[in-house]
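Reader: I am new to this structure. Could you walk me through how to read it, one feature at a time?

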Amino acid sequence: MVNLIIFGPPGAGKGTQSVRIAQKYQLKHISTGEILREEVRIESKCGRVAKVYMDEGKLVPDEVLINILRRVIDENRYVNGFIFDGFPRTLVQAEELDKMLHHEDLSISLVLSLIVDHEELIERLYKRALQEGRADDKARVIHQRLETYNKMTAPLLDYFEAQGKLATVPGIGTIDDIFQSLYSNIDKLYH
Ligand code: AP5
Ligand code: MG
């Protein structure tokens, strides 16, 4: 079973590329951002907690995320594998994910890290703000999300590197070209 993490800052293209990867390799796409937005929409208890952090571009507490992941992994016992998008974002989350998978005799196969420069990220997110109106695509929150990524999440790259699981992929260019680079890395896992 192949389990992937797609990693990168806000606007890197994690969601865009995950959908394609999930389709090509028949993997279950787990976007914690999407799960949380749905919890906010239905005003669940966890959604009400999450909203406070999401509106500020801060990380939702690890405990909330770990409970969600536990539920999602449990509900998807018979899938071919997972692609995790937006999770893990802290060392605690990364260690918990490894533990949860280990418990099921599984592990992360590969971490695909999308590299996109700051200006391009800002441009993409400002553009999406005009097109889609996602609640956290506001100038102030976009900057806070990028800062949170740099401070809290980017250091995880060392953790993945130390595990020998990190593949870095340029995230600039056409969506198709980036997908090609991603799948040339993923294909190696199947051979
Ligand atoms: P989340 O939903 O994960 O948001 P994010 O990390 O800020 O990233 P985005 O979804 O904005 O970007 P993306 O990398 O998916 O890029 P996309 O494909 O959309 O998280 C939201 C919030 O939830 C967090 O701030 C936090 O509060 C909370 N949260 C979530 N997970 C958490 C966790 N594990 N722990 C704690 N809190 C958590 O692309 C962006 C745009 O660019 C799109 O418009 C797209 O069409 C465009 N685009 C994509 N590729 C290209 C390309 N090659 N060229 C030009 N444009 C492109
Ligand atoms: Mg996304």
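Reader: Let's start with the ligand. Which of the 30 residues around ligand 1 come nearest?

Author: One caution before that: this is a predicted model. Of the 30 residues around ligand 1, the nearest are T16, K58, R89, R128 and R145.

Reader: How far is an oxygen atom of ligand 1 from an N or O atom in the side chain of R89?

Author: Look for pairs of N or O atoms. For the side chain of R89, the distance to a ligand oxygen is 2.6 Å. The backbone can take part too: an N or O atom of the A12 backbone lies 3.2 Å from an oxygen atom of ligand 1. Q93 faces a nitrogen instead, with a polar side-chain atom 3.0 Å from a nitrogen atom of ligand 1. Now the cover. On its own, ligand 1 has 1,000 Å² of accessible area, and the protein covers 88% of that.

Reader: How many salt bridges does the structure hold?

Author: There are 15. One of them joins the side chains of E56 and R140, at 3.3 Å from N to O. That pair links distant parts of the chain, 84 residues apart. E56 sits in the loop between α3 and α4, while R140 belongs to helix α7.

Reader: Is R140 buried or exposed?

Author: Check the relative accessibility. R140 has 54%, so it counts as exposed. E56 has 34%, so it is partly exposed.

Reader: Now the strands. Which residues of strand β1 are buried on one side, and which on the other?

Author: Strand β1 spans residues 4–7. L4 and I6 are buried on one side, I5 and F7 on the other. Both faces are therefore covered, since each of these four is under 20% relative accessible area.

Reader: Which residue of β3 is the bridge partner of L4?

Author: Follow the bridges. In β3, L4 is partnered by I83. β1 and β3 pair in the parallel sense, over three bridges. L4 also has a bridge partner in β4, namely L110. Four bridges join β1 to β4, and these strands run parallel as well.

Reader: How far apart are the C-alpha atoms of Q163 and F7?

Author: Q163 and F7 are 156 residues apart along the chain, with 15 Å between their C-alpha atoms. Q163 lies in the loop between α8 and β5. Its relative accessible area is 32%, so Q163 is partly exposed.

Reader: What should I look for in the backbone itself?

Author: Look for exceptions. Most residues other than glycine have a negative phi, and most peptide bonds are trans. In this model, the peptide bond from F87 to P88 is cis, with omega near 0°. P88 is in the loop between β3 and α5.

Reader: Where does E43 lie, and what is its phi?

Author: E43 is in the loop between α2 and α3. Its phi is positive, near 55°. E43 is exposed because its relative accessibility is 56%. D105 also has a positive phi, of about 65°, although it is not a glycine. D105 lies in the loop between α5 and β4. With a relative accessible area of 73%, D105 counts as exposed.

Reader: And the surface? Which residues form a nonpolar patch there?

Author: To find one, look for nonpolar side chains at the surface. V49, V52 and Y53 form such a patch, with about 240 Å² of accessible area together. V49 lies in helix α3, residues 45–54. V49 is partly exposed because its relative accessibility is 37%.

Terms used: Residues are numbered from 1 along each chain as its sequence is written. Chains are lettered from A and ligands numbered from 1 in the order in which they are written. This is a predicted model: local features need pLDDT of at least 70, side-chain atom pairs count only at pLDDT 80 or more; totals for chains, interfaces and linings use all residues. Side-chain values use heavy atoms; hydrogens and water are left out. Patches are made of residues with over 30% relative accessible area and no salt bridge: like charges are joined within 9 Å, nonpolar side chains (Val, Leu, Ile, Met, Phe, Trp, Tyr) within 5 Å. Accessible areas come from the Shrake-Rupley method with a 1.4 Å probe; for residues, only the protein chains shown count as cover. A salt bridge is a side-chain nitrogen of Lys or Arg within 4 Å of a carboxyl oxygen of Asp or Glu. Helices (H or I, at least four residues) and strands (E, at least two) are DSSP runs, numbered from the N terminus. Buried means under 20% relative accessible area, exposed over 50%, partly exposed in between (1.4 Å probe, protein chains only). A residue is near a molecule or strand if one of its heavy atoms lies within 4 Å of it. A polar contact is a pair of N or O atoms within 3.5 Å; within protein, one must be able to donate a hydrogen and the other to accept it, and residues adjacent in sequence count only if both atoms are side-chain atoms. Two strands pair if DSSP finds at least two bridges between them.
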